[in-house]
Amino acid sequence: MVFKRMMQAMGVGGPSVETVLTNPNCRPGGHLEGHVQVIGGDHAVDIEYVALGLVTRVEVESGDSEYDTTQEFFRQRAANAFRLEAGQRYDIPFRFAVPWETPVTELYGRHLAGMTMGLRTELEVARAVDKGDLDAVAVHPLPAQERLLEALLRIGFRFSRADVERGHIYGVHQTLPFYQEIEFYPAPQYAHAINQLELTFIATAQQLQVVLEIDKRGGVFTEGRDAFGRFTVDYNAVDRVDWAAELDGWLRQSLQRRGLFF
């Protein structure tokens, strides 16, 4: 009897869990919907809870080293305690809120290289936590984010890769412990002055904060340095601005102030 209880606590003959998403595509500030199927094993168990968590890969700098880790950044309980009989099927519908600052993983139907995102299902039975079910999620940009990404492509910048870095950007209010950097190769007219351009979005329900970082090339007698720009986009006014012209003008002014004339 003791051995049987130990086997049950380890999950042998225990319940199985599967999460089914109605649609794996979403936007920041939107929702993911679906249901969790919990199927009883060969013995009855008391389920303590069923929870869902949004996870992504995060780059962490620690001293002189860097490493990647998988981090859960938003969590929502799908069900509280219930009794699951042997062989019983228990369906739990859910509507999961996607945070506004969630990193983007897709652009124009293509996956952004370097990005991972998933919805993880967690079930606790007898103080043993099962985190086995992970479903891939595709996060598409908000319309305002699309406008700025389109503008950079129109200027001639080319997408390189994206990543998520742990930390906070100075002067920008964040609710998550990390931020996304979308990296671009320079447009031809900037290639002599820029190594790459990095773009970060920090979205809220009311507005979009945009951070631009220029990795400036060094010269024979000068050291390459970064230049930063930050501005806020009003969702209601985003379609009334020529963002290609705005971004092009900011880049030229920023580089001219640093002695790189065109």
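In strand S15, Leu197 is the bridge partner of Phe184, and the two strands concerned, S14 (residues 178-185) and S15 (residues 194-203), run antiparallel and are joined by three bridges. Strands are here DSSP runs of E with at least two residues, helices are runs of H or I with at least four, and both are numbered from the N terminus; two strands count as paired if DSSP finds at least two bridges between them. Strand S15 is mostly covered, since eight of its ten residues are buried, where buried denotes a relative accessible area under 20%, exposed one over 50%, and partly exposed a value in between, with a 1.4 Å probe and protein chains only.

The model is a predicted one, in which local features require a pLDDT of at least 70 and side-chain atom pairs count only at pLDDT 80 or more, whereas totals for chains, interfaces and linings use all residues. Residues are numbered from 1 along each chain as its sequence is written, and side-chain values rest on heavy atoms, with hydrogens and water left out.

The protein has three helices and 17 strands, and 45% of its 262 residues count as buried. Of the contacts (heavy atoms within 4.5 Å) between residues at least 6 apart in sequence, 62% join residues at least 24 apart.

Three strands form an open antiparallel sheet in the order S1-S3-S7. Its edges are strand S1 (16-21) and strand S7 (89-97), each of which pairs on one side only, and the twist from one strand to the next averages 20 degrees, as given by axes that are lines fitted to C-alpha atoms (for helices, over the stretch in contact), with angles from 0 to 180 degrees between N-to-C directions. Strand S1 pairs with strand S3 (residues 31-39) in the antiparallel sense over six bridges, and within this pairing Ser16 stands opposite Ile39 of S3.

The largest nonpolar core comprises 64 residues, and those with the most contacts inside it are Leu32, Val50, Leu119 and Phe157. Strand S4 gives the most to this core, with seven residues. Apart from it lies another core, of five residues, among them Ile169, Val172, Ile202 and Val211. A nonpolar core is taken as a set of buried Ala, Val, Leu, Ile, Met, Phe, Trp, Tyr and Cys residues joined through side-chain atoms within 4.5 Å. In soluble globular proteins, nonpolar side chains tend to be buried together. When its neighbours within four places in sequence are left aside, Val50 is in contact with Val36, Val38, Arg77, Ala78, Ala79, Phe82, Ile92, Thr121, Glu122 and Leu123. Glu124, which is found in strand S10 (residues 117-125), is 74 residues from Val50 in sequence, yet their C-alpha atoms are 6.8 Å apart in space. With a relative accessibility of 16%, Glu124 counts as buried.

The structure holds twelve salt bridges, each defined by a side-chain nitrogen of Lys or Arg within 4 Å of a carboxyl oxygen of Asp or Glu. In one of these, Arg83 is joined to Asp46, with 3.1 Å between the closest N and O atoms; the pair links distant parts of the chain, 37 residues apart, with Arg83 in strand S6 (residues 82-84) and Asp46 in strand S4 (residues 45-62). Both residues are partly exposed, Arg83 at a relative accessible area of 43% and Asp46 at 40%. Arg83 also meets the side chain of Glu85 in a salt bridge (3.8 Å, N to O), and Glu85, at 40% relative accessibility, is partly exposed. A further salt bridge joins Arg75 and Glu72, whose closest N and O atoms are 3.3 Å apart; Arg75 is partly exposed at 38%, as is Glu72 at 28%. These two residues belong to a network of salt bridges that links Glu72, Arg75, Arg120 and Glu122.

The backbone at Tyr108 has a phi near 55 degrees, a positive value in a residue other than glycine. Most residues other than glycine have a negative phi. Tyr108 is placed in the loop between strand S8 (106-107) and strand S9 (110-111), and its relative accessible area of 47% makes it partly exposed.
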